[in-house]
2 protein chains.
Amino acid sequence: MLRTNNSFLSFIQQLYETKKHHKEIHLKRFPKGSRLLQQGEKASKIFIVAEGITKCYFSEENGKNYILEFLGAGEIAGELEVIKNINCLCNIEAVTEVQAYVLTVPIVKSLLANNPLFNHMLLTELAERIINTSSRSSFQQLYSVEHALKKLLMLQSEHQLSISKEDMAAYLGVTLRSLNRLLAVK
Amino acid sequence: MLRTNNSFLSFIQQLYETKKHHKEIHLKRFPKGSRLLQQGEKASKIFIVAEGITKCYFSEENGKNYILEFLGAGEIAGELEVIKNINCLCNIEAVTEVQAYVLTVPIVKSLLANNPLFNHMLLTELAERIINTSSRSSFQQLYSVEHALKKLLMLQSEHQLSISKEDMAAYLGVTLRSLNRLLAVK
DNA sequence: TAACTAAAAGGACATTTGTCCCAACGCAAC
DNA sequence: GTTGCGTTGGGACAAATGTCCTTTTAGTTA
């Protein structure tokens, strides 16, 4: 649930420190609660988290939110939008204060076109995401919310990740009321 | 829901017809109902569908199934397993009679290592899958099954895809009983 | 201290969904 | 024919979940 990616992190750190790309890559601070990407809007930048935690979530038209995953150090956001040339699929929001590398679209396109290592890392990352997303999706559809909650609580303590009840409910895809009920009986 | 991929299809057709790789690539027929990949087992081959339709689904330990998507012409299966070096994530089963190109692991690894076009196509394909999987997952978690059913029926007629009630239920992540109830009132 | 606010907890009721059945139908094999 | 089997459809009841509200709690600010 809290994903990190050391290969990406060291890759981008090295790239950043060569100072060759100071116009295309910079490090920026995002206060807690601020948005890195806004669902539906044009993705004009790509982010790689350096420190802190963001949440990646859909806002549906009925006002409900669904959290896909929490992105920590080394995780990339906005790359799907560049590859497929679409507007932001979902929101990326800082859950804690966040430091992130901000890359321009051209530099990412150039990395995609010319850098085999970057391509390989990205392929691995996307594969990992598909595995996570699809197995969680299957699990949540086929097991009771109670099972999913147990798993969530385990993951949470494993990653020492403390999130609000509202976010927990949004991760499980249920209402806050249902979550409270389950926490009460357990 | 019924995914196809023309770039992959023509790519593999050309590769197959050069006859340089007759040991690593061959075309095989799969009768309706047979398995191309079996969840949990070693993925010793990679498939690209030439004709027909397969379903890609998880079998959970509680006996229930969840259908991720239907794969038609040009769709690839088993590539995640090669990239991440894991056992089969889910089952791939022929829904109709299927013709598929069967590739060995070494040829796929070599394509991954040496063929930029293949890499690019695969990156695009994985990006597309993440978009599909995650937006469907969000939709199904946050809207009523009734909404999801409407969408499914639309997609089905759009793709002229006729599937059993059981498969429809497995796609929606509900029981057959619930599906029947919804179909009755509508 | 008092007032305000956001997060957390839960009561009451309606609705949805699952579980466990059984019945009807179509189709193939004998 | 009739037997068997898989698919489809649905009744009855229990369990889970959503909706709408209210209360409690803790933390912040005036």
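# A tour from the DNA strands to the protein core

Begin by selecting DNA strand C in this predicted model, and show the 14 residues around it, of which Lys165(A), Ala184(A), Val145(B), Arg177(B) and Ser178(B) come nearest. Colouring by secondary structure then shows which elements give two or more residues to this surface, namely helix H6 (165-172) and H7 of chain A, together with H7 of chain B. Among these, H7(A) gives the most to the surface near DNA strand C, with 4 residues. If you colour by residue type instead, the surface near DNA strand C divides into 4 nonpolar, 5 polar and 5 charged residues.

Next, select DNA strand D, which also has 14 residues around it, and look for Val145(A), Arg177(A), Ser178(A), Lys165(B) and Ala184(B), the ones that come nearest. Here at least two residues each are supplied by helix H7 (176-185) of chain A and, from chain B, by helix H6 (165-172) and helix H7 (176-185). The largest contribution to the surface near DNA strand D is that of H7(B), with 4 residues, and the residues of this surface comprise 4 nonpolar, 5 polar and 5 charged.

Staying with chain A, select Val174(A), whose place is in the loop between H6 and H7 of that chain. Is Val174(A) buried or exposed? Val174(A) is buried, because 20 other C-beta atoms lie within 10 Å. Leaving aside neighbours within four places in sequence, Val174(A) is in contact with Val145(A), Ala169(A) and Leu179(A); of these, Val145(A) is also one of the residues that come nearest to DNA strand D.

Now display chains A and B together and turn to the contact between them, which takes 30 residues from chain A and 30 residues from chain B. On the side of chain A that touches chain B, strand E6 (65-71), helix H2 (79-84) and helix H4 (116-142) each supply at least two residues, and H4(A) gives the most, with 18 residues. That side of chain A is made up of 14 nonpolar, 11 polar and 5 charged residues.

If your viewer can superpose chains, a rotation of 180 degrees with 0.0 Å of shift along its axis places chain A on chain B, with an RMSD of 0.0 Å. The two copies are therefore related as by a two-fold rotation axis. Because 100% of the interface residues of chain A are also interface residues in chain B, the copies meet through the same surface.

For the last stop, select Phe47(A) and Phe47(B), which touch the most other members of the largest nonpolar core, a set of 104 residues. Not counting residues up to four places away in sequence, Phe47(A) touches Leu36(A), Ile76(A), Ala77(A), Gly78(A), Ile92(A), Ala100(A), Tyr101(A) and Val102(A). Strand E4 (residues 45-51) of chain A is joined to E7(A) by 2 bridges, and the two strands run antiparallel. Widening the selection brings in an open sheet of 4 strands in chain A, with the order E2-E9-E4-E7 and antiparallel pairing. The edges of this sheet are strand E2 (25-30) and strand E7 (76-77) of chain A, each of which pairs on one side only.

Conventions: Residues are numbered from 1 along each chain as its sequence is written. Chains are lettered from A and ligands numbered from 1 in the order in which they are written. This is a predicted model: local features need pLDDT of at least 70, side-chain atom pairs count only at pLDDT 80 or more; totals for chains, interfaces and linings use all residues. A residue is near a molecule or strand if its C-beta atom, placed from the backbone, lies within 6 Å of it. Ala, Val, Leu, Ile, Met, Phe, Trp, Tyr, Cys and Pro count as nonpolar, Asp, Glu, Lys and Arg as charged, and the others, Gly among them, as polar. Two residues are in contact if their C-beta atoms, placed from the backbone, lie within 7 Å. A nonpolar core is a set of buried Ala, Val, Leu, Ile, Met, Phe, Trp, Tyr and Cys residues joined through C-beta atoms within 7 Å. A residue is buried if 20 or more other C-beta atoms lie within 10 Å of its own, exposed if 12 or fewer, and partly exposed in between; C-beta atoms are placed from the backbone. Copies are superposed by least squares on the C-alpha atoms of residues with pLDDT of at least 70 in both. Two strands pair if DSSP finds at least two bridges between them.
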